[in-house]
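Visitor: I would like to learn how to read a structural model. Please take me through its features one at a time.

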Amino acid sequence: MNLHKFATHTGGSNTQYTSLDPTSSPPSFLQRDGSLSLQQSNDGRSNTQGSTAVATNSGSSKSSSRESLLASQHSMAENHVASSYSPGVIGTSSLPDIQMTKATDEAMNTPLTIPHISSAAGHSKNSAAAETGRPARPPVQLVGRKDDTPKALTQTVANKLRPLLPVQQRLAKNWRLVYSIDQHGFSIHTMLDLCANEKAILLAIKDTKGKVFGAYLNEPIRLSPSFYGQGTCFLWKAYRSSPESRRKDAIKSFKYTGGNEYFILCDPDFVAVGGGRGKFGLWFKSDFLHGYSARCPTFNNEPLCLDPSSPKNADIDAQQEFVVAHLEIWAFDST
């Protein structure tokens, strides 16, 4: 915004400023350098720049009349500026007297310097570097399983499952073994008793063909005449990422689709997770010996005991039976 200086002489030499809209054309009595120019008034009298004398009939006016007329003309000019440029303009009377100095003049005419802003690519690169500099989260600690107990869930699979869990369970430092058929026996009643006081649990099964799969359940398994649970439940299976891999080092999960609310069902004769169209996503008998997995609307899952590369997975009615070798249930401890 430009500042135009108007010098008024009312017995002194105070200098005042008013700001003008730079997009507007200057009033007719302003010169390019901001000074007052002559402007003819209705009665033939004229305004002059700064303290220039007001023109009158040659030599006939008195000194007092000239001073009075000069003050009147300057007042008219100031009122004209204030009325014509009132939007966004500060009146001259509202600003304090400013003594223009060389330093002030230089500051007003110095271009604004904008600091350098790094590019998005550079920002991403720095963010990535900062993230890699953070200490890695410690691996999951599997506690409560005896050294000689056969494993359904390995630490490698547990670490790959953790990012798929809800936040509260993801932050758990220890996963605690609640029930194992190898450690606690083949009894659904024992399993239900041990799970009674737990919250969310992870079910892991290893079949006789070496396939590892299971489910995350937001509530413990309990006898119920109808389905229960919530949409945080999901099915999962571990598999080889390549034919040459000797370890099951990849996880495929099947999250809730919204198709129905058939999450968890427990009967004295079986346990099931997911359902619809007369089939279950995961089902096993209460003797923990046999079971099957089929595609269901709840999770739209592949049969869990099949490799992802199996052509049977493309079948909407895909179903595969399995024989249980090891079965475990894990709980999540934050401390």
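Predicted model: local features only at pLDDT ≥ 70, side-chain atom pairs only at ≥ 80, totals over all residues.

Visitor: How many helices and strands does the protein chain have?

Guide: The protein chain has 7 helices and 13 strands. Of its 335 residues, 38% count as buried.

Visitor: What share of the contacts between residues at least 6 apart in sequence join residues at least 24 apart?

Guide: For this chain the share is 56%.

Visitor: How do I read a nonpolar core, and which residues have the most contacts inside the largest one?

Guide: The general idea is that nonpolar side chains tend to be buried together in soluble globular proteins. Here the largest nonpolar core has 35 residues, and Met191, Ile205, Ile221, Leu282, Leu327 and Ile329 have the most contacts inside it. At least two residues of this core come from each of β4 (174-180), α7 (188-195), β5 (201-207), β6, β9 (264-267), β10, β11 and β13 (319-333). The largest share, 5 residues, is that of β13. There is also a second, separate core of 21 residues, with Leu161, Leu165, Trp175 and Ile251 among them.

Visitor: How much space lies in the largest cavity, and which residues line it?

Guide: A cavity is a space where a probe fits but cannot get out. The count here is 1 cavity of 30 Å³ or more, and about 30 Å³ of space lies in the largest cavity. Its lining is made of Lys211, Val212, Phe213, Lys237, Ala238, Leu304, Leu306 and Asp307. By class, that lining has 5 nonpolar, no polar and 3 charged residues. Both β6 (212-217) and β7 (234-239) supply at least two residues of the lining.

Visitor: Where is Ala152, and is Ala152 buried or exposed?

Guide: Ala152 sits in the loop between β3 (141-143) and α4 (155-161). Its relative accessible area is 2%, so Ala152 counts as buried. Not counting residues up to four places away in sequence, Ala152 touches Arg145, Ala204, Ile205, Lys206, Val212, His326 and Glu328. Take Val212 from that list: Ala152 and Val212 are 60 residues apart in sequence, yet 6.9 Å apart in space, C-alpha to C-alpha.

Visitor: Is Gln169 buried or exposed?

Guide: Gln169, found in helix α5 (residues 167-170), counts as buried because its relative accessibility is 12%, and the cut-off for buried is under 20%. Beyond residues up to four places away in sequence, Gln169 touches Trp175, Ala200, Tyr216 and Phe332.

Visitor: What about backbone angles? Where are Arg277 and Phe288, and what is the phi of each?

Guide: Arg277, in the loop between β10 (270-276) and β11 (279-285), has a phi near 55 degrees, a positive value in a residue other than glycine. Phe288 lies in the loop between β11 and β12 (290-294), and its phi is also positive, about 60 degrees, although Phe288 is not a glycine. With a relative accessible area of 0%, Phe288 is buried.

How values were computed: Residues numbered from 1 in each chain as written. Heavy atoms only, no water. 1 Å grid on protein atoms, 1.4 Å probe; cavity = no way out; pocket = protein on both sides within 12 Å on 5 of 7 lines; lining within 4 Å. Points joined across faces, edges and corners; volume = space filled by probe spheres on them. Helix = DSSP H or I, 4+ residues; strand = E, 2+ residues; numbered from the N terminus. Nonpolar A, V, L, I, M, F, W, Y, C, P; charged D, E, K, R; others polar. Buried < 20%, exposed > 50% of the residue type's maximum accessible area, 1.4 Å probe, protein only. Contact = heavy atoms within 4.5 Å. Core = buried A, V, L, I, M, F, W, Y, C linked by side-chain atoms within 4.5 Å.
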